[in-house]
Amino acid sequence: MKRILFFAITATIILSSCKKDETPEYNPNLKAELSVEFDNIAGSSNLQLNTGSYTNAAGESFKVTKLKYYVSNFVFTNSNGTTYAVPQMDSYFLTDESDATMHEAELQVPEGEYKSVSFIVGVDSLRNTMDVSQRTGVLDVTGTASDMYWSWNSGYIFFKFEGTSPVAPMGGVFQYHIGGFGGYSSSTANNIRKITLDLTARGVPKVKAGKSTNIHLMVDILKVLSGTATMSFATTNMIHSIAPGTQVANNYVNMFTHEHTEN
């Protein structure tokens, strides 16, 4: 009887220990790896530059030759309601569909479980107006950002979308270059857009030191062409200034969805 009781107590201790290990203890003062992946698609199809053929909401066929956009100013909301803003110097990323190494934002955040993430599409006014010596990496206008900057307007192009369509005039080419941070005047359009995504339905990221956690987002370029405005390449094939880009900016707020989390 004593022998049976001994094994029962031992089993209870082991099970209790296993159960306790399933709920990790988080240290908010300890940083860990968290990446946000931007997976570009066109509806139900994977986006393929130059070769993939797609149809917009206006019924026009098109191909994509270039897709680049800035995401920045990441803020994560913990399951306990506290927020963590990634330091600005570490919070700017340029996504380039043609470069597989530029599809993820690699971050360091405090250990914990996060129920939502927010970020902006674009580059904020503070960084736009900062001395060029303070704008390095993907913001370097003499390097990586050389084709993502309007020197005439002293501002970054937030979203660059180019391709071909048989209905587009001027040789069947379209170019949508969206920028505009509000400028130095309140009358200048601001095409920065904030995105907030709930992470609870498709897997809460559980960030812990010693392991990598990935938030996988799908980015649907068809939604850039529909929403508050249906974009037609036949009528609008070139956008190279701020005000005309607002209708596209109002659309691209809806192109991001949380697909899953890898813990």
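## Close-up views of a predicted model

**View 1. Phe256 and the residues around it.** Leaving aside neighbours within four places in sequence, Phe256 is in contact with Phe38, Tyr69, Phe119, Val121, Ile195, Leu197, Met218 and Val219. Keep in mind as you browse these views that the model is predicted.

**View 2. The largest nonpolar core.** Stepping back from Phe256, we come to the largest nonpolar core, which has 67 residues. Which of its residues touch the most other members? They are Phe38, Phe74, Phe76, Phe119, Phe161, Tyr252 and Phe256. Strand β4, residues 61-78, supplies the largest share of this core, with 8 residues.

**View 3. His216 in strand β14.** Here we turn to His216, which lies in strand β14. Is this histidine, His216, buried or exposed? Its relative accessibility is 9%, so His216 counts as buried; the cut-off for buried is under 20%. The side chain of His216 makes a polar contact with the side chain of Glu37, at 3.3 Å. Not counting residues up to four places away in sequence, His216 touches Glu37, Asp39, Thr257, His258, Glu259, His260 and Glu262.

**View 4. Ser232 in a loop.** For the last stop, look for Ser232 in the loop between β14 (212-220) and β15 (238-239). Ser232 counts as buried because its relative accessibility is 14%. What does Ser232 contact, once its neighbours within four places in sequence are left aside? Its partners are Ala58, Glu60 and Tyr176.

Conventions. Residues numbered from 1 in each chain as written. Predicted model: local features only at pLDDT ≥ 70, side-chain atom pairs only at ≥ 80, totals over all residues. Heavy atoms only, no water. Helix = DSSP H or I, 4+ residues; strand = E, 2+ residues; numbered from the N terminus. Buried < 20%, exposed > 50% of the residue type's maximum accessible area, 1.4 Å probe, protein only. Contact = heavy atoms within 4.5 Å. Core = buried A, V, L, I, M, F, W, Y, C linked by side-chain atoms within 4.5 Å. Polar contact = N/O pair within 3.5 Å; in protein donor to acceptor, adjacent residues only side chain to side chain.
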